[in-house]
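Here is a short briefing for a first look at this structure. Start with the view below, then read the points by topic.

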Amino acid sequence: MENHRMSLETLASMEYPVLLDTSVLLGYSNINRNQITLTEKFAKAKESYDFFVLMQDYVKNGSNFCITSLVSEELQNGYSFSLKKSIKKVGYCEDRKLLELHRKRRDSSKEQRILDRTFQENNKILQLRKDEQILYDLIYNGNFELKEKYKLSESNFDFLISGMVLAKANGIAALVSNDKGIFRARKDVLIKENFQFHKFYFFIRENFLSFKKIGG
């Protein structure tokens with residue numbers, strides 16, 4: 001049986017553009033979303049921090065990763081927290097672990113914004129050529145009903161259409177997202193555009209550094 005799993009390092013070395021969604025930069029599909037203890041929450045914050053730092057290295061060193069301008073805008077939103085107010089509220093000695101958690105979340109948020117800046121400084125924010133923009137408008141308008149059908153935000157729909165344009169312009173491309181709506185809409189777009197599934201890959205981020213190709 002073909003192994004559809006792939007490491008981050010392998011994904012970064014593929015010879016085609018890989019468009020990353022906000023959802024895979026901020027988390028993964030197998031994450032425990034019901035962390036109860038402060039230790040579990042701190043581990044998640046540290047993991048996010050480590051991933052942002054690692055991704056900065058890949059973007060700086062010429063990987064095939066890129067993001068859309070709308071994903072960039074979403075990355076600019078970070079964790080907002082006043083450390084002084086928290087100290088006054090819970091007491092530094094009373095709950096030091098809670099303060100450590102907030103510090104790590106704050107640090108992670110800072111690295112998230114730095115990652116966005118790294119995409120910008122390395123020209124990894126997708127910029128369509130004139131002919132690609134014309135193609136984008138045609139595919140966008142021709143598939144607009146999918147936005148409502150799959151309850152896609154403007155950012156998610158733009159991400160999908162941008163990926164389709166990249167695939168057509170380059171002959172092959174990949175989307176990386178944990179959003180099920182984008183995945184389902186991709187199938188409809190491929191059928192309508194009469195484009196081969198194996199030339200427009202879709203990956204989810206399963207774990208910290210593990211990805212899986214789904215949907216052909």
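Helix 7 and helix 9 pack at an angle of about 125°, and their axes lie 9 Å apart. That angle makes helix 7 oblique to helix 9. The model is predicted: local features need pLDDT of at least 70, side-chain atom pairs count only at pLDDT 80 or more, and totals for chains, interfaces and linings use all residues. Residues are numbered from 1 along each chain as its sequence is written, and side-chain values use heavy atoms, leaving out hydrogens and water.

- Helices (H or I, at least four residues) and strands (E, at least two) are DSSP runs, numbered from the N terminus.
- Axes are lines fitted to C-alpha atoms, for helices over the stretch in contact, and angles run from 0 to 180 degrees between N-to-C directions.
- Angles under 35 degrees count as roughly parallel, over 145 as roughly antiparallel, 65 to 115 as roughly perpendicular, and the rest as oblique.
- On the helix 7 side, E132, L135, Y136, I139 and Y140 make the contacts (heavy atoms within 4.5 Å).
- Their partners in helix 9 include F157, I161, M164 and V165.

**Helix 9 itself**
- Of its 17 residues, 13 are buried, so helix 9 is largely enclosed by the rest of the structure.
- Buried means under 20% relative accessible area, exposed over 50%, and partly exposed in between (1.4 Å probe, protein chains only).
- After helix 9 comes G171, with a positive phi near 90°.

**Nonpolar cores**
- A nonpolar core is a set of buried Ala, Val, Leu, Ile, Met, Phe, Trp, Tyr and Cys residues joined through side-chain atoms within 4.5 Å.
- The largest one has 28 residues, and L152, L160, M164, L175, I182 and F200 touch the most other members.
- Two or more residues each come from helix 7 (130-142), helix 9 (154-170), strand 4 (173-176), helix 10 (180-192) and strand 5 (200-205).
- Helix 9 gives the largest share, eight residues.
- Apart from this core lies another, of 26 residues, among them V18, F51, F65 and F211.

**Elsewhere in the chain**
- D50 sits in helix 3 (residues 38-60).
- At 30% relative accessibility, D50 counts as partly exposed.
- D50 and E111 are 61 residues apart along the chain, and their C-alpha atoms are separated by 8.8 Å.
- N123, with a positive phi near 55°, follows helix 6.
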